Amino acid sequence: MGITNVSTILNREQIDCNGSVKITLSLHAVPDIETSDIVLVLDRSSRMDGAPLENMKQGALNLVNQLYQTVTDANEPNRIALVSFGTLATVNVPFGGTLPALEKAITELTPQGEANHADALTKAMQLFDRGKKRDKIIVLFTNLDATLGASATSVAQASKKAGITIYCLGLGNAESPNVDAITGWASVPASTHVFITPDPDKLQSRFTELAHTLQKPGATGINISGMLKPDFIITSILEPNRGITFMPNQKKLCWTIDELSTAAEETAVLEFFVQYTGSSSGVKEIFKSLTYRDEDKHPVTFPTPTITVTCRGTGSIIFPEPCPDPIDVTINPCEDSILFDLGDVYLDSLGRILQFDLTIKDVCPHRRVALAIILTENDDMDVPQPRGMKTVTIPAHYGYRCKDVIVRCIKFVVPEEPDEEGMTTLCRRRNFKVQLIAHYIDTDFVCCPDSPEPEPDPEPEPEPEKPNIDILTC
């Protein structure tokens, strides 16, 4: 089946200038089945009585359900038949049977007689239609203790010459009488066509391994590459549920997956954030290109959605802390070196400098804004400790409508504390947290008019009787 569905989903339809959007890439795959006609041949001899038979039934039910689930979604469905054997072999469900019929036949198997492998392989081989160009497979499960009737080796050889692939599952160990025999019946190599376990409780896992062998991944060697338009950058990437990602630069993203959907339907998901850095409004394409490649050359195309960008004016830019004045240094022509005295330099900080930019959204005209920036740092016990707070008054703007105000270059000087040996170093990780608070100062900021002549104070009114109130202070 391979890749059955891909999608590119945005978490919003519209953003402002400098706004961000989360993008989710997903691809869904279904395993490919290598066979077209499968005959399941199950040992129901008396030596299977008890736990071996019950575990074999459950493993066979899991196998049939897994194969049937996948193949029935194909354009030309594959077919599964069932043959069981004791003293004689029986065709319980021929090709064309439904999943409920297969499940019922497997559940109703009862132990009887010895194991007649030759008859079982003969009846299985006779079910295949040689006139149809389909892959043909026999899955044989048997107890390895004994066999009845003619040798099954010649039947197995004839089946393989007819183009039938044979897988053998055995209940037993390396010393069981028929290990060499079933290895000879199976197709080569034995490492992928023979599954043996001495533990009846592990039969179900052996059937699961076989189901994986009969399937191949929906896709292998997946490589997804996305290149953004000039007005967008990638700001962060979340870890995908499958595969790995890397970002050569802020414009390009790569996502690789070795195998997808190896045993069952599977969906791979990657989420990342993109920011708009342009200055114009309109409907914008995010991706310059978004390509998919895999080793099987599946024709997959990811949708490339658009997003609406609304820029509320060009925005005001505030610099609460100006940069130091530069010092002019001139070197004359033909001089290869100079000596220049830069004068006095005053110590500004002993530690690190943190600089922040931010945007206050939708600031209405004629209103000043109070902005507080609170900086804390988690100590070794992961307890936040205060490191500083800055308050800034944002001047009112006089535009015709609300717009974004950009505040740049808010700096904190954070000293370095000496370590246990009394040494101060910048080579350690520090974890800070920043909190922002912004409020209007004015409800309607306008300049005050000329003050009129003061009016005389009115006659004082008698003070009301004070109620009995306790005032508590912290």
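Author: We will go through the salt bridges and then the disulfides. This is a predicted model, in which local features need pLDDT of at least 70 and side-chain atom pairs count only at pLDDT 80 or more, while totals for chains, interfaces and linings use all residues. Residues are numbered from 1 along each chain as its sequence is written, and side-chain values use heavy atoms, with hydrogens and water left out.

Reader: Thanks! What is a salt bridge, and how many does the structure hold?

Author: Side chains of opposite charge can pair when their charged atoms come close. The criterion here is a side-chain nitrogen of Lys or Arg within 4 Å of a carboxyl oxygen of Asp or Glu. By that rule, the structure holds 12 salt bridges.

Reader: Which residue forms a salt bridge with glutamate 271?

Author: Its partner is lysine 22, with the closest N and O atoms 3.8 Å apart. This pair links distant parts of the chain: glutamate 271 sits in strand β16 (residues 266–276) and lysine 22 in strand β3 (residues 20–30), 249 residues apart. Strands (E, at least two residues) and helices (H or I, at least four) are DSSP runs, numbered from the N terminus.

Reader: Are those two buried or exposed?

Author: First the scale: buried means under 20% relative accessible area, exposed over 50%, and partly exposed in between (1.4 Å probe, protein chains only). Glutamate 271, at 25%, counts as partly exposed, and lysine 22 is partly exposed too, at 23%.

Reader: Where do lysine 57 and glutamate 54 lie?

Author: Both are in helix α1 (residues 51–71), three residues apart, which means that about one helical turn separates them. Lysine 57 is buried at 9%, whereas glutamate 54 is partly exposed at 47%.

Reader: And what does arginine 430 pair with?

Author: Arginine 430 forms a salt bridge with glutamate 377, and the closest N and O atoms are 2.8 Å apart. Here again distant parts of the chain are linked: arginine 430 is in the loop between β24 (403–415) and β25 (432–440), while glutamate 377 is in strand β22 (residues 369–378), 53 residues away. Arginine 430 is buried, with a relative accessible area of 11%, and glutamate 377 is buried at 5%. Elsewhere, salt bridges that share partners join Asp16, Lys361 and Asp404 into one network.

Reader: Now the cysteines. How many disulfides does a search of the whole structure find?

Author: A disulfide is a pair of cysteine sulfur atoms within 2.5 Å, and the search finds two. Cysteine 17 and cysteine 311 form one of them, with their sulfur atoms 1.5 Å apart. The torsion about that S-S bond is about 55°, so the disulfide is right-handed. Cysteine 17 is buried at 11%, and cysteine 311 is likewise buried at 11%.

Reader: Which cysteine is joined to cysteine 364?

Author: That is cysteine 402, with an S to S distance of 2.1 Å. Cysteine 364 lies in the loop between β21 (351–363) and β22, and cysteine 402 in the loop between β23 (384–394) and β24, so the pair ties together parts 38 residues apart in sequence. The torsion is about 75°, so this disulfide is right-handed. Cysteine 364 is partly exposed at 21%, as is cysteine 402 at 26%.

Reader: What pattern do the disulfides follow?

Author: With bonded cysteines counted along the chain, the pattern is 1-2, 3-4.
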